[in-house]
Amino acid sequence: MNSNFEYYLSNRLSSITDSKIKEAIFYALKNGKRFRPELIFSIVKGFYHQEMIAYPYALALEMIHSYSLIHDDLPCMDNDDYRRGRLAVHKQFDEAIAILTGDALLTNAFVVAANAVDDEHTKLAIIKELSHYAGVEGMIYGQLLDIENENKTDIELETLQKINDYKTGALFKCALFIGMHICKDEKNYQFYDRLGALIGRIFQIQDDLFDKTKSLAEMGKLGNSDEKNNKKTIVDILGIDETKKILKNEFYNVYKLLNDQAFDTTYLRTIIEKMENR
Ligand code: GRG
């Protein structure tokens, strides 16, 4: 756990007026692995900046990610009772509170980002990334495709990949582009774009594998969620062994990509290794 960032998070959000929504915001944010913030920090540190310059943007992204999980767990979406090792927000509180808490996290993420002490150009570029990748051409589009493809028994791998690139990949790309803007490394756009796509795929493949193989205690949520929702995943199409081979190959592609970079990728490598060992 990154205690400095956790301290920033709770300090920054403690100024919200006391209410049930504030309570649910703190409840929802607890226990996240913070992979997206850590990706931002790993780029920033690779350029030898202090990671704390990225805290407002990292928090904004984590708030958007957390909102998406709250709404994804709702009965009208994936209908999952557990998240981050505890009852999902709509179970701990109720559905109305869960919807409002998601809305509040999404909206206030932009307040947090907009109040970052940074040059206006960088701040605007990052706010554009956040709104683009969270929006209807990013994660929301992925969620829509996901819903539209429920119950399809003959779904193809390319379609699954497209859903995952939007649903899961969007916020990973966003994390990397935030790092890119903070470090003024826009000339290297292709690298962040490719890395974000690879990490998104890796994450989704792992999630699909875990859904079939891990327990509530290990995952923090119930398994077999995909089967319950009649969702086919890469594991259903290729089987566990073949899926693991693809996962291994995607990790190889990531490490290869990191080899050719001009900045210090040690920190990024550490995060990727953490993903590999989870
Ligand atoms: C409801 C608008 C809306 C979008 C939902 C992200 C998403 C879109 C749905 C989540 C479905 C899901 C479980 C996808 C697998 C990959 C993923 C995003 C896993 C959760 O991320 P972690 O493992 O979670 O980083 P923590 O809790 O550690 O932050």
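Student: Which element gives the largest share of the shell around the ligand?

Tutor: Helix α4 does, with six residues. Helices here are DSSP runs of H or I with at least four residues, strands are runs of E with at least two, and both are numbered from the N terminus. This is a predicted model, where local features need pLDDT of at least 70 and side-chain atom pairs count only at pLDDT 80 or more, while totals for chains, interfaces and linings use all residues. Residues are numbered from 1 along each chain as its sequence is written, and side-chain values use heavy atoms, with hydrogens and water left out.

Student: How many residues surround the ligand, and which are the closest?

Tutor: A residue is near a molecule or strand if one of its heavy atoms lies within 4 Å of it. Here 19 residues surround the ligand, and K33, R36, H65, R84 and F203 are the closest.

Student: How many of the shell residues are nonpolar, polar or charged?

Tutor: Sort them by class: Ala, Val, Leu, Ile, Met, Phe, Trp, Tyr, Cys and Pro are nonpolar, Asp, Glu, Lys and Arg are charged, and the others, Gly among them, are polar. The shell has five nonpolar residues, seven polar and seven charged.

Student: Where does the side chain of K33 lie relative to the ligand?

Tutor: Look for polar contacts: pairs of N or O atoms within 3.5 Å; within protein, one must be able to donate a hydrogen and the other to accept it, and residues adjacent in sequence count only if both atoms are side-chain atoms. A polar side-chain atom of K33 is 2.6 Å from an oxygen atom of the ligand. For R36, a polar side-chain atom sits 2.8 Å from a ligand oxygen atom. In H65, a side-chain N or O atom is 2.7 Å from an oxygen atom of the ligand.

Student: What area does the ligand expose when taken alone?

Tutor: It exposes 700 Å², and the protein buries 94% of that. Accessible areas come from the Shrake-Rupley method with a 1.4 Å probe; for residues, only the protein chains shown count as cover. Two or more residues of the shell come from each of α4 (55-73), α8 (139-148) and α11 (189-213).

Student: Is S66 buried or exposed?

Tutor: Buried means under 20% relative accessible area, exposed means over 50%, and partly exposed is in between (1.4 Å probe, protein chains only). S66 is found in helix α4. At 2% relative accessible area, S66 is buried. Its side chain makes a polar contact with that of R84, at 3.2 Å.

Student: What span should helix α10 have?

Tutor: The expected span is 1.5 Å times one less than the number of residues. Helix α10 (residues 169-182) has 14 residues, so it should span 20 Å; its end C-alpha atoms are 20 Å apart, which agrees. Because 14 of the 14 residues of α10 are buried, the rest of the structure largely encloses this helix. K173 lies in α10 and is buried, at 19% relative accessible area.

Student: Which residue with a positive phi follows α10?

Tutor: K184 does, with phi near 50 degrees. K184 is not a glycine, and its place is in the loop between α10 and α11. Y48 also is not a glycine, yet has a positive phi of about 60 degrees. Y48 sits in the loop between α3 (35-46) and α4, and is exposed at 63% relative accessible area.

Student: How many disulfides does the structure hold?

Tutor: A disulfide is a pair of cysteine sulfur atoms within 2.5 Å. The structure holds zero. C174 is in none, and its nearest cysteine sulfur, that of C183, is 15 Å away.
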